[in-house]
Amino acid sequence: MEKVDVIIVGAGVVGLAVAEAVSRLHPDKEVVLLEKWEKFGQETSGRNSEVIHGGMYYPTGSLKARLCVEGNKLLYEYCAKHKVAHQKIGKIIITRNAEEEKAVQGIFEQGQKMAFRG
Ligand SMILES: Cc1cc2nc3c(=O)[nH]c(=O)nc-3n(C[C@H](O)[C@H](O)[C@H](O)COP(=O)(O)OP(=O)(O)OC[C@H]3O[C@@H](n4cnc5c(N)ncnc54)[C@H](O)[C@@H]3O)c2cc1C
């Protein structure tokens, strides 16, 4: 294995997804995924809360917001297609005072803009 076509460093969710996509799109290429631990998903990806985010916390139109909304839709489609157990339970954001209520109103408006832009 002195020479390979593609090397991806890090077998977290991003590295695994990139490796899958490159292998699928370029089946003729030799793809190597390097990970410093013995197994995949041993760092951040193994500690995540498993929430499929809606994107309402990010500024409207930002790359992060657009990718989050698009990823949300794709992830639900992926789960349905591959029978990955999941629940769409919505989100409750609770406020403790008037100041937080104002902030939540902003998040609510942000979320509505995201929903309309898709
Ligand atoms: C507490 C917490 C909760 C979260 N909850 C959610 C959630 O509910 N929903 C959500 O969408 N997102 C959530 N996130 C964010 C999400 O988990 C991360 O954005 C995502 O896991 C990042 O994946 P990654 O592949 O970029 O990084 P990582 O999972 O950190 O993967 C990087 C990999 O690279 C390896 N690596 C690093 N350097 C080298 C090297 N030199 N050689 C070889 N290997 C190397 C590491 O060992 C690691 O396995 C959460 C994050 C945290 C911290």
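In which sense do strand β1 and strand β2 pair, and over how many bridges?

## Strand pairing and crossover

Strand β1 (residues 6-9) runs parallel to strand β2 (residues 31-34), and the two are joined over four bridges. Strands are said to pair if DSSP finds at least two bridges between them. Helices (H or I, at least four residues) and strands (E, at least two) are DSSP runs, numbered from the N terminus. Within this pair, V9 stands opposite L34 in β2. From β1 the chain passes through α1 to reach β2, and this β-α-β crossover is right-handed. A crossover is right-handed if, with the strands pointing away from the viewer, the path from the first strand over the helix to the second runs clockwise.

## Basis of the report

This is a predicted model, in which local features need pLDDT of at least 70 and side-chain atom pairs count only at pLDDT 80 or more, while totals for chains, interfaces and linings use all residues. Residues are numbered from 1 along each chain as its sequence is written, and side-chain values use heavy atoms, with hydrogens and water left out.

## Domains

The domain assignment of the chain gives domain 1 (6-47) and domain 2 (63-113); such bounds come from an automatic or database domain assignment. The C-alpha centres of domain 1 and domain 2 are 27 Å apart.

## The largest pocket

The largest pocket has a volume of about 2,100 Å³. Of its 47 lining residues, V51, I52, G71, N72 and L75 are the closest to its centre. A pocket is an open set of points, on a 1 Å grid over the protein atoms alone, where a 1.4 Å probe fits, with protein on both sides within 12 Å along at least five of seven lines; lining residues have an atom within 4 Å of a point. Grid points are joined across faces, edges and corners, and a volume is the space filled by probe spheres set on the points.

Because domain 1 (6-47) and domain 2 (63-113) both give residues to the lining, the largest pocket lies between them. At least two lining residues come from each of α1 (13-25), α2 (63-81) and α3 (98-117), and the largest share, 14 residues, is supplied by α2. By class, the lining holds 23 nonpolar, 15 polar and nine charged residues. Here Ala, Val, Leu, Ile, Met, Phe, Trp, Tyr, Cys and Pro count as nonpolar, Asp, Glu, Lys and Arg as charged, and the others, Gly among them, as polar.

## The second largest pocket

The second largest pocket contains about 150 Å³ of space. It is lined by 13 residues, of which G10, A11, G12, E35 and E43 are the closest to its centre. The lining comprises four nonpolar, six polar and three charged residues.

## Individual residues

I7 lies in strand β1 and is exposed, with a relative accessible area of 52%. Buried means under 20% relative accessible area, exposed over 50%, and partly exposed in between (1.4 Å probe, protein chains only). V9, also placed in strand β1, counts as exposed at 71% relative accessibility.

Two loop residues other than glycine have a positive phi. E50, in the loop between β2 and α2, has a phi near 65 degrees and is exposed at 71%. K83, in the loop between α2 and α3, has a phi near 55 degrees and is exposed at 75%. Most residues other than glycine have a negative phi.
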